[in-house]
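Let us walk through a protein chain step by step. Keep the 3D view open and find each part as it comes up.

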Amino acid sequence: METKRVHGIVKSLCVFVILIAVITGVSLAVKHKEQPAPAAINVVTEKVLMPGGQSVGVKMDVKGVLIVGLQEIETITGEVVNPGLLSGLQIGDTILEINGQKVYRAAEVQNVVNKIRGEVLLKLKRKNDIMEISLTPVVAKADNMYKLGIWVKDKTAGIGTLTYYDPQNNCYGALGHAITDPETSAILPVAEGELVNSKVESVKQGRAGDPGEIRGIFYEADDPLGSLEKNSEFGIFGNLYGKIDHPFYDKPLPIGYQDSVKVGPAYILTTLDNNQVECFEIEIEKVNRQVKPGTKSMTIKVTDEGLLKKSGGIVQGMSGSPIIQNGRLVGAVTHVFVNNPEKGYGIFIEWMLQEQMSKRVDE
């Protein structure tokens, strides 16, 4: 009897312990359920930029001295030679140093050569390569000066269109393609330069086989808009010194990456009459999905009757005009079809931003 009573107590205790365990487990489970760990929340902020469309002037000093031509020299002995050509110099080479002395201006080359009056060692940049070439100048019969038989330049200037600026850091992008030397097509390396105000004076209409042109003048050159720090295949880049007002937008627009660009209607912002930014309708006819940067990301066609009447379509000086589709800044105008000025190419905005953030190509 006593044994049964003990077994009953033990059995009751076991049930009690089991009940405690079950209740505790339930309470723990309920407690865990009532106080979940906070979930991680990823907040993605869209990149936004202020669109451009303003006509801008570009003044640039070339880094080094660019060879734009090779010339035969008649010497004091009556011989006709070209020392530069014979030594292997090429159009498009940039002279960085002569006998270890850095040169920045075209006039410096002649001065240094005429001080040395003998063999010189030129340090050159040819595309992305640095090399050295030795040559001996000749004395020209015309003026008794020592000459290398080369034409050089150290400055350039032109008109283009602002594409965007970043209100967070005042970085800007413009043109959508490089500033190149017209004789050599070489991309001009920047020593220093400025972005200045430009006023459109006239527009030469584009026709098949004869590209049109925006003709403008610089003004307020003593009060530049910003610095010019980089000239690359995908545009020019630098920093603005202050805010630039826009007639259509008081807030920045989100950018559209290439996967958001569609065949269909869009519009560009550019400056023609009265030095005012205007909005013109275009059609994106083809989108070229690109795995690496290129300036021919999309084919566009001007459909706006007003723009066709004013300029015949896309003209020189319009490069950099921002392309906007579905409320997003998606690219910029880069090239015109020579045989059909109603059509041209545009670059994806992502390639310009990528280039802006990369290291200067001419450093």
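Start with one term: a residue is buried if its relative accessible area is under 20%, exposed if over 50%, and partly exposed in between. Now apply it to Leu175. Its relative accessible area is 5%, so Leu175 is buried. Remember that the model you are looking at is predicted.

Step back to the whole chain. It has five helices and 24 strands. Of its 363 residues, 46% count as buried. Take the contacts between residues at least 6 apart in sequence: 68% of them join residues at least 24 apart.

Next, pick out strand 2, residues 55-70. Is it enclosed or open? Of its 16 residues, 13 are buried, so strand 2 is largely enclosed by the rest of the structure. Which strands pair with it? Strand 11, residues 150-165, runs antiparallel to strand 2 and is joined to it by 11 bridges. Strand 13 is also antiparallel to strand 2, with seven bridges. Strand 5, residues 94-98, is joined to strand 2 by two bridges, again in antiparallel fashion.

Individual residues show how these pairings line up. Look at Leu66. It stands opposite Lys153 in strand 11. Leu66 also stands opposite Thr94 in strand 5. Then move to Gly57, which stands opposite Val196 in strand 13. In a regular strand, side chains alternate between the two faces of the sheet.

Gln54 sits in the loop between strand 1 (48-51) and strand 2. Is Gln54 buried or exposed? Its relative accessibility is 13%, under the 20% limit, so Gln54 counts as buried. Set aside its neighbours within four places in sequence, and Gln54 is in contact with Gly160, Thr161, Leu162, Ile244, Asp245, His246, Thr271 and Val277.

Compare another glutamine in a loop. Gln205 lies between strand 13 (190-204) and strand 14 (213-219). Its relative accessible area is 26%, which falls between 20% and 50%, so Gln205 is partly exposed. What does Gln205 touch? Leaving out residues up to four places away in sequence, its contacts are Asp210, Gly212, Leu308, Lys309, Lys310, Ser311 and Gly312. Two of these deserve a second look. Lys310 is 105 residues from Gln205 along the chain, yet their C-alpha atoms are 7.1 Å apart. In Lys309, the backbone oxygen lies 2.4 Å from a polar atom of the Gln205 side chain.

Backbone angles come next. Most residues other than glycine have a negative phi. Return to Leu175, in the loop between strand 12 (171-174) and strand 13. Leu175 is not a glycine, but its phi is positive, about 75 degrees. Asn326 also has a positive phi, near 50 degrees, and is a residue other than glycine. Asn326 is found in the loop between strand 22 (322-325) and strand 23. Are these two residues buried or exposed? Leu175 is buried at 5%. Asn326 has a relative accessibility of 68%, over the 50% limit, so it counts as exposed.

Turn to helix 5, residues 349-357. Seven of its nine residues are buried, so helix 5 is largely enclosed by the rest of the structure. The buried ones are Ile349, Glu350, Trp351, Met352, Leu353, Glu355 and Gln356.

By type, the lining of the largest pocket divides into 15 nonpolar, 10 polar and two charged residues.

The second largest pocket has a volume of about 470 Å³. Its lining has 22 residues, of which Lys125, Lys127, Asn128, Ala186 and Ile187 lie nearest the centre. Strand 7 (120-126) and strand 16 (230-232) each give two or more residues to this lining. What types of residue line the second largest pocket? They divide into seven nonpolar, eight polar and seven charged.

Technical notes: Residues numbered from 1 in each chain as written. Predicted model: local features only at pLDDT ≥ 70, side-chain atom pairs only at ≥ 80, totals over all residues. Heavy atoms only, no water. Helix = DSSP H or I, 4+ residues; strand = E, 2+ residues; numbered from the N terminus. Buried < 20%, exposed > 50% of the residue type's maximum accessible area, 1.4 Å probe, protein only. Contact = heavy atoms within 4.5 Å. Polar contact = N/O pair within 3.5 Å; in protein donor to acceptor, adjacent residues only side chain to side chain. Pairing = 2+ DSSP bridges. Nonpolar A, V, L, I, M, F, W, Y, C, P; charged D, E, K, R; others polar. 1 Å grid on protein atoms, 1.4 Å probe; cavity = no way out; pocket = protein on both sides within 12 Å on 5 of 7 lines; lining within 4 Å. Points joined across faces, edges and corners; volume = space filled by probe spheres on them.
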